[in-house]
Amino acid sequence: MKFVRAATVASLLAACAGQTASAATGNVLFNGTVTATCTITINSNGTMTVSSNLQSLSSHNAGGSAGSAQVDTTGGVTLSVDPVTTTTVPASDTTATTWTPTFATSGAQTIAETGTATALTVPGTSTVAVNLAGTKSGTNRFSAGNYQATVTLRCE
């Protein structure tokens, strides 16, 4: 009986020896997710100058300059400026000032100057010009001294 089993195994091995193994393949899938995101890098702060009638303190006035930032995004986000909440004014300036921040972009996406939240739909890098204007109404005027206001640029 042992001899018969050994002979059967030997003949099976001999029969398989001339055949090649069958090939097999398999697919390995890779998944990834990129969430809508953006980063903001501040390039420079802005400068406000006063108008000749002393009722406007703005980065748009002669000698003023916009602040600059770089926004890198995947698209699918919204760019905006928050209302101004942090200001420093001279003690002699006791009248109300209306602060109006605006922004415009160039680069991956072009946005004309606005103060309204705007969708960034295109991925890439854009340069953002941030402007600020402070205005006095009626007979009110800006007083001599140093003024400072903070504009928060938001991308979400």
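In what order do the 3 strands of the open sheet stand?

1. The order is S9-S5-S12, with antiparallel pairing. Strands are DSSP runs (E, at least two residues) numbered from the N terminus, and two of them pair if DSSP finds at least two bridges between them. Strand S9 (118-120) and strand S12 (153-155) are the edges, each pairing on one side only.

2. This is a predicted model: local features need pLDDT of at least 70, side-chain atom pairs count only at pLDDT 80 or more, and totals for chains, interfaces and linings use all residues. Residues are numbered from 1 along each chain as its sequence is written, and side-chain values use heavy atoms, with hydrogens and water left out.

3. Strand S5 (residues 77-81) is joined to S9 by 3 bridges, and the two run antiparallel. Within this pair, Thr78 is opposite Ala119 of S9.

4. The structure has 1 disulfide, a term for a pair of cysteine sulfur atoms within 2.5 Å. Cys38 and Cys155 form it, with their sulfur atoms 2.0 Å apart. Cys38 belongs to strand S1 and Cys155 to strand S12, so the pair ties together parts that are 117 residues apart in sequence.

5. Are these cysteines buried or exposed? Cys38 has 17% relative accessibility and counts as buried; Cys155, at 15%, is buried too. Buried means under 20% relative accessible area, exposed over 50%, and partly exposed in between (1.4 Å probe, protein chains only).

Notes:
Helix = DSSP H or I, 4+ residues; strand = E, 2+ residues; numbered from the N terminus.
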